[in-house]
Amino acid sequence: MSTNTEVTRRGSNGTPQAASSLAAQRAQSAETPIRPPVDIWEDKDGITLCADMPGVSKDRLNLRVDGANLIVEGQLRLELSQAAEALYADVRSSLYRRSFALSSELETDKIEASLKDGVLTVRIPKRAELRPRKIEVQAAA
Amino acid sequence: MFGISNMPGSLFDELWRFQQEIDDLFGSGSLPSGIRSLPRGSFPAVNISQTPERVDVYIFSPGVDPKSLDISMQQNLLTVTGKREIKAEEEAEYYRQERFSGEFRRVISLPEDVDPERVHAKYTDGIVQIGVERRESARPRHIQVH
């Protein structure tokens with residue numbers, strides 16, 4: 001796999017980024033991430049995205065813009081005792097991940113996000129000059 | 001924003017370890033499905049774990065007001081009902097509406113030895129954790145040899 005070769009090569013340079021991306025690769029290949037269900041809507045000022053990510057706290061949320069993509073990632077945490085064993089599980093992964101392609105009229109450096117009770121809300125504003133403007137028709141005097 | 005490349009190793013190493021744990025814990029948990037169980041993908045998702053002392057039920061119910069939840073126990077049958085109403089924004093065009101909206105109910109059969117008098121529940125980050133203690137008599141006992 002070409003991606004693995006790439007990581008190995010970067011790893012041999014001994015950069016900290018290489019170490020974390022190797023760990024990331026391992027973590028990502030270890031299981032299929034949960035694709036969180038989302039609502040996405042647009043109004044005249046921008047686009048809003050809401051995602052269900054129960055069990056993700058603020059410090060385990062990783063929301064980023066990579067090139068033209070918005071990447072939503074989060075780590076699910078359950079309070080489990082050491083000796084616990086599973087009886088039943090609908091949720092069999094601990095990583096949420098989903099990405100969305102953004103478009104150029106969106107102001108990616110002005111994205112705002114909030115996380116409450118396991119629901120992530122992301123607000124992506126449109127560039128002011130590209131918002132639809134209503135043109136008033138002046139009544140002739 | 002929370003750039004991972006600025007946090008060498010730590011976050012993802014931790015993540016990896018945790019995934020191993022959760023895989024060990026839940027990955028193999030494939031008991032026959034209960035007669036009251038719902039198909040996978042139903043809202044809310046449920047995980048159940050046990051120790052000799054207690055059973056923990058995790059209800060994945062993000063954005064649900066915990067006060068609107070009704071949790072009851074009848075012997076070893078746990079019933080959770082609630083409502084999550086998502087109001088659609090007016091003056092907005094929707095592209096995706098995947099999140100569950102409406103009333104929900106889940107009935108979960110717990111092991112026979114749980115004590116319905118000793119239940120507690122808490123809500124953190126959109127997960128309700130319901131802990132039920134098991135009866136003393138059902139716990140494994142150590143027998144001393146004299």
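Mentor: Gladly, and let's start with A:Ser104, which lies in the loop between strand S6 (95–101) and strand S7 (112–116) of chain A. Strands here are DSSP runs of E with at least two residues, numbered from the N terminus. The model is predicted, so local features need pLDDT of at least 70 and side-chain atom pairs count only at pLDDT 80 or more, while totals for chains, interfaces and linings use all residues. Residues are numbered from 1 along each chain as its sequence is written, and chains are lettered from A and ligands numbered from 1 in the order in which they are written.

Trainee: Why does A:Ser104 count as exposed?

Mentor: A residue is exposed if 12 or fewer other C-beta atoms, placed from the backbone, lie within 10 Å of its own, buried if 20 or more do, and partly exposed in between. A:Ser104 has 8 C-beta neighbours inside 10 Å, so it counts as exposed.

Trainee: What makes S7(A) and strand S8 (residues 119–125) of chain A a pair?

Mentor: Two strands pair if DSSP finds at least two bridges between them. Here 5 bridges join S7(A) to S8(A), and the strands run antiparallel, so by that rule they pair. In one of these bridges, A:Leu115 has A:Leu120 as its partner.

Trainee: Which strands of chain B stand at the edges of the sheet, and why?

Mentor: The open sheet has the order S3-S4-S6 in chain B, with antiparallel pairing. S3 (70–74) and S6 (102–109) each have a single partner strand, so one side of each is left without a neighbour in the sheet.

Notes
Helix = DSSP H or I, 4+ residues; strand = E, 2+ residues; numbered from the N terminus.
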